[in-house]
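I opened a new notebook page for this chain.

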Amino acid sequence: MYIMSISIVRADRKRSCYPVGRSRRVRKSALLRGVALQASAKMKSMRLCALLLSGCLAAACLAQTPPPATIRGTLLQRPGKPPAVETADHHIISLDGDEPTKGVLNDKRLAGFDLEAKGHFTASDQFLVDPIHTKAMFVHKDGHVKVITYWCDVCSIRTYTPGPCWCCQKETLLDLRDPDQDQ
Ligand SMILES: [Zn+2]
């Protein structure tokens, strides 16, 4: 009787176990497939979002960065005002830039020079000169384009903004050079 009951229980278990296990397995794989589908749908939507976001960012960047421009005119240094150029058609455009660039634009030795600068307009009468390392400023002298450089004749050190030599502290000399000399 005891043995019989055990075998019945076993048989019962066997009978009940198999379908349960199978259905569980089936449910699991279906669940996994569902999860995978959900995940791929999520990935797709995320990819779409990323695409849209990068598109928006690119559009914002394009909208924020005005096109590169070149400006040319007589360098004006007026008391209490930022440096400016007066163009051939007598428009006065204020100039701005990084500190070394402003150093050049405020250099008294360059007042009245025919200056050319690369950069972009930030307003109709305001121009931001490109960073000093891009060598965005030139002067036109006697029909030639010249690069604005500064020279210490004691140390033979060249710099691109006025001020004392970083080595010997002697005031550097303005040295306008041919572009092909300044490679
Ligand atoms: Zn020096």
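**Entry 1: a proline and its neighbours**

I looked up Pro66 and found that it touches His120 and Phe121, leaving out residues up to four places away in sequence. Touching, or contact, means that two C-beta atoms, placed from the backbone, lie within 7 Å. I noted that this is a predicted model: local features need pLDDT of at least 70, side-chain atom pairs count only at pLDDT 80 or more, and totals for chains, interfaces and linings use all residues. Numbering starts from 1 along each chain as its sequence is written.

Where does Pro66 sit? I found Pro66 in the loop between α1 (2-64) and β1 (69-76). Helices (H or I, at least four residues) and strands (E, at least two) are DSSP runs, numbered from the N terminus. I also checked Ala123: Pro66 and Ala123 are 57 residues apart in sequence, yet 9.8 Å apart in space, C-alpha to C-alpha.

**Entry 2: the partners of β1**

I followed the chain into β1. Six bridges join β1 to β4 (residues 114-123), and the two run antiparallel. Strands pair if DSSP finds at least two bridges between them. Ala69 stands opposite Gly119 in β4. β1 also pairs with β2 (residues 84-86), again antiparallel, over three bridges. There, Leu75 has Val85 as its bridge partner.

**Entry 3: the core**

I met Val85 again in the largest nonpolar core, which has 14 residues. Such a core is a set of buried Ala, Val, Leu, Ile, Met, Phe, Trp, Tyr and Cys residues joined through C-beta atoms within 7 Å. Val85, Leu95, Leu115, Ala117, Val129 and Met137 touch the most other members. β5 (126-129) is one of the elements that give two or more residues. β5 gives the most, with three residues. I then listed contacts of Val129, among them Leu95, Ala117 and Met137.

**Entry 4: the whole chain**

I counted two helices and nine strands. Of the 183 residues, 13% count as buried.

How confident is the predictor? The average pLDDT (confidence in each residue, from 0 to 100) is 81, and 65% of the residues score at least 70. Where pLDDT is low, the predicted coordinates should not be read in detail.

Terms used
A residue is buried if 20 or more other C-beta atoms lie within 10 Å of its own, exposed if 12 or fewer, and partly exposed in between; C-beta atoms are placed from the backbone. pLDDT is the predictor's confidence in each residue, from 0 to 100.
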